[in-house]
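Here is a short briefing to read with the model open beside you. Take the topics in any order you like.

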Amino acid sequence: MVDTLDVATLAVRLRALTWGRKGAPIALCLHGFPDTAHGWRKVAPLLADAGWRVVAPFLRGYAPSSIPSDGSYHVGALMDDVLRVLDAAGPTGRDVFIGHDWGAIAGAGIVAMPDSPFVKAALLSVPVPAAFRPFGRVPEAGRLAARLPRQLMHSWYIMYFQLPWLPDRSASWAVPRLWRQWSPGYDASEDVRLVEEAIGSPERWRAALGYYRAAIRGGRPPAAYARLHEHWLAPPRLPTLYLQGADDGCAEDYTPWMRRVLPAGSEVAIVENAGHFLQQEQPEEVARRIVDFIGRAD
């Protein structure tokens, strides 16, 4: 059974979907782009069966969460949202974080916090930036550089989203195209419909683009998020599971560099027969790997 949790902050009202028993340890699941909290609908019941209370908020700007009044789509703002949702849900000291795509980018900061309220994390499809730092001294730099031309082709949308006017009118074709490109062979019709409900309107689509524009154009985050924002480029501290689909059309295989940067107790794995949205494509396998890593909570 799916329930909801509403969390109000000074800048945004967040709506989260929840599965599982109240009071159980929390698995806080954060989605990415172009997706919604419904993207966890296949994995969440399996985690709940393992005793976890799954709490999956809609990103700021994605309906039914509100558009943030401070206009911030910085990683530090996402991290602040995660911490506030956890506080509202009732932290237990045994809680874990699970993030996909932009959720994994926020997770890069969460796992690097020296005082993180989570004990473990699972990050899906997007490696932490620390895997490629310090620049110029990354192991196997030639092997990494060989991946860059294909990665630039995969990432055409990031530069496109920086253009004026035109990207703001592209939701109707960009969303289905990205799903086809990133998870080839997967029938994403239901997911695309859910995404259109969340960011199909012009103001919501501009909010979704705001994450990419904040990342590329830079600028300081609001003071309320500045300290959190500092963490997302730092090396992970929490034991972390990193999963990537074997057929990911969004990103090259960066698992060798993830292995070198994750702390003791971490794991890295490729999920076969899955693309970028592996939790929708192979939910049983993804849930099994996550539960094997974080353990049962019952």
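Helices (H or I, at least four residues) and strands (E, at least two) are DSSP runs, numbered from the N terminus. With that in hand, welcome to a predicted model, in which local features need pLDDT of at least 70, side-chain atom pairs count only at pLDDT 80 or more, and totals for chains, interfaces and linings use all residues. Residues are numbered from 1 along each chain as its sequence is written, and side-chain values use heavy atoms, with hydrogens and water left out.

- Strand E7 (residues 240–245) runs parallel to E8, and the two pair over five bridges.
- Tyrosine 242 stands opposite valine 268 in E8.

**Helices against the sheet and each other**

- On the H2 side the contact uses Val75, Leu78, Met79, Val82 and Leu83, which meet Trp102, Ile105, Ala106, Gly109 and Ile110 in H3; contact means heavy atoms within 4.5 Å.
- The residues of this H2 and H3 contact divide into nine nonpolar, one polar and no charged. Here Ala, Val, Leu, Ile, Met, Phe, Trp, Tyr, Cys and Pro count as nonpolar, Asp, Glu, Lys and Arg as charged, and the others, Gly among them, as polar.

**Pocket and cavity**

- On a 1 Å grid over the protein atoms alone, a cavity is a set of points where a 1.4 Å probe fits but cannot get out, and a pocket is an open set with protein on both sides within 12 Å along at least five of seven lines; lining residues have an atom within 4 Å of a point.
- The largest pocket holds about 940 Å³ of space; grid points are joined across faces, edges and corners, and a volume is the space filled by probe spheres set on the points.
- Of the 27 residues that line the largest pocket, Ile105, Val126, Pro127, Phe132 and Ile158 lie nearest its centre.
- H3, helix H4 (141–154), helix H5 (156–160) and helix H8 (202–217) are the elements that give two or more residues to this lining.
- H4 provides the largest share of the pocket lining, with four residues.
- By type, the pocket lining divides into 21 nonpolar, four polar and two charged residues.
- There is one cavity of 30 Å³ or more, and the largest cavity has a volume of about 40 Å³.
- Leu14, Leu30, Pro57, Phe58, Leu59, Arg60, Leu78, Asp81 and Val82 line the largest cavity, and H2 gives the most to that lining, with three residues.

**Backbone details**

- Most residues other than glycine have a negative phi, and most peptide bonds are trans.
- The peptide bond from phenylalanine 33 to proline 34 is cis, with omega near -15 degrees; proline 34 sits in the loop between E3 and helix H1 (44–49).
- Alanine 63 and proline 64 are also joined by a cis peptide bond, with omega about 10 degrees, and proline 64 is in the loop between strand E4 (53–57) and H2.
- Serine 125, although not a glycine, has a positive phi of about 80 degrees; its place is the loop between E6 and H4.

Technical notes. Pairing = 2+ DSSP bridges.
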